[in-house]
Amino acid sequence: MNEHLLAQVEAYRQQYPWTGERPLAMSRYRYYGREVLEAAVTAMLAGENLLLAGPKATGKNVLAENLAAAFGRPDWNVSFHINMDSTYLLGTDTFRNGAVEFRPGPVYACAESGGFGILDEINMARNEALAVLHSLLDFRRILDVPGYGRLRLHPAARFIATMNHGYAGTRELNEALASRFVVLQLSSLHGDELERVLAAEFPEMDHKARKDFTLLFDELQQKCENAEISSKAVDLRGLLDALHLMELGLSVGQALSMGVVNKCFDEDERRMVQDVISLRISSKMTAASVFDRN
Ligand SMILES: Nc1ncnc2c1ncn2[C@@H]1O[C@H](COP(=O)(O)OP(=O)(O)OP(=O)(O)O)[C@@H](O)[C@H]1O
Ligand SMILES: [Mg+2]
């Protein structure tokens, strides 16, 4: 990240030191993709709500967690789904020790304490459930909870939504909601950045093998762009899973079948993906050689 942005992030952290009990956000992975990261940080500094859109396994959640961690705030992750209603987001009355008490939902808790709210797969929910977010996410910065009152958004709070257009069960985000976010389109990693992710996740991996798997993933992406195969097999998560299986000793072929090839349920497509693999990955490559255990 450039110095100028770093200084501003530091200023935010000075202005809003976290003193609550909830632990600060952390991410198991570092986000790779400097341009996107800088744009996202700028959006957070400006106090914008940020929508991260993009295909599967493009690091949307990794980026959201990295942002919360960089700004030194805890995160509230809310997974949106079709049966979600607004009381789940805001909170509801519950009985406690014989009395009715308001139990805040994740969005309420986050807005109140100034956390980073991660509205995950926001386009999975019904529009009616999302309407309660409108006043929170525009200039009003308030949440009205029926029967409980009005909450003013903590100035340090930020909301980051993620969405994937293609997934089954997703819908188009309605314009009213979309208009309240600035949007970043994320795309799959390739080339050097992909290689860096592999190196970070598998420091023991043989360099040549790392190159081969990077090129393999690049080729699968290329085939997908040319509409020769669908996007099912183009799944970085699947490639990482396959490598984890190899790390434990599973054969290269079996691991790639489980993590990549078998994601295609159409036999012709599976064959095509297998052909790409056969061209790029030598049949002599063993799990031990991938992880330098010869
Ligand atoms: N730019 C990136 N930087 C670091 N890791 C990445 C990046 N892109 C993908 N990954 C890796 O891909 C995996 C999936 O990341 P993540 O869960 O954030 O994806 P996502 O975009 O939220 O996917 P989905 O739409 O399926 O929920 C993680 O293991 C992560 O390490
Ligand atoms: Mg995700």
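Okay, let's start with a pair of residues: Gly91 has Pro104, in strand E4, as its bridge partner. Before I go on, this is a predicted model, where local features need pLDDT of at least 70, side-chain atom pairs count only at pLDDT 80 or more, and totals for chains, interfaces and linings use all residues. Residues are numbered from 1 along each chain as its sequence is written, chains are lettered from A and ligands numbered from 1 in the order they are written, and side-chain values use heavy atoms, leaving out hydrogens and water.

Back to that pair. Strands E3 (residues 91-96) and E4 (residues 99-104) run antiparallel, joined by six bridges. Strands here are DSSP runs of E, at least two residues, and helices are runs of H or I, at least four, numbered from the N terminus; two strands pair if DSSP finds at least two bridges between them. Two residues sit between the strands of this hairpin, and Asn97 has a positive phi near 50 degrees.

Next, the sheet. Five strands form an open sheet with parallel pairing, in the order E2-E5-E8-E1-E9. At the edges are E2 (75-79) and E9 (182-185), each pairing on one side only. Between E2 and E5 (residues 116-120) there are five bridges, and Asp75 has Phe116 as its partner in E5.
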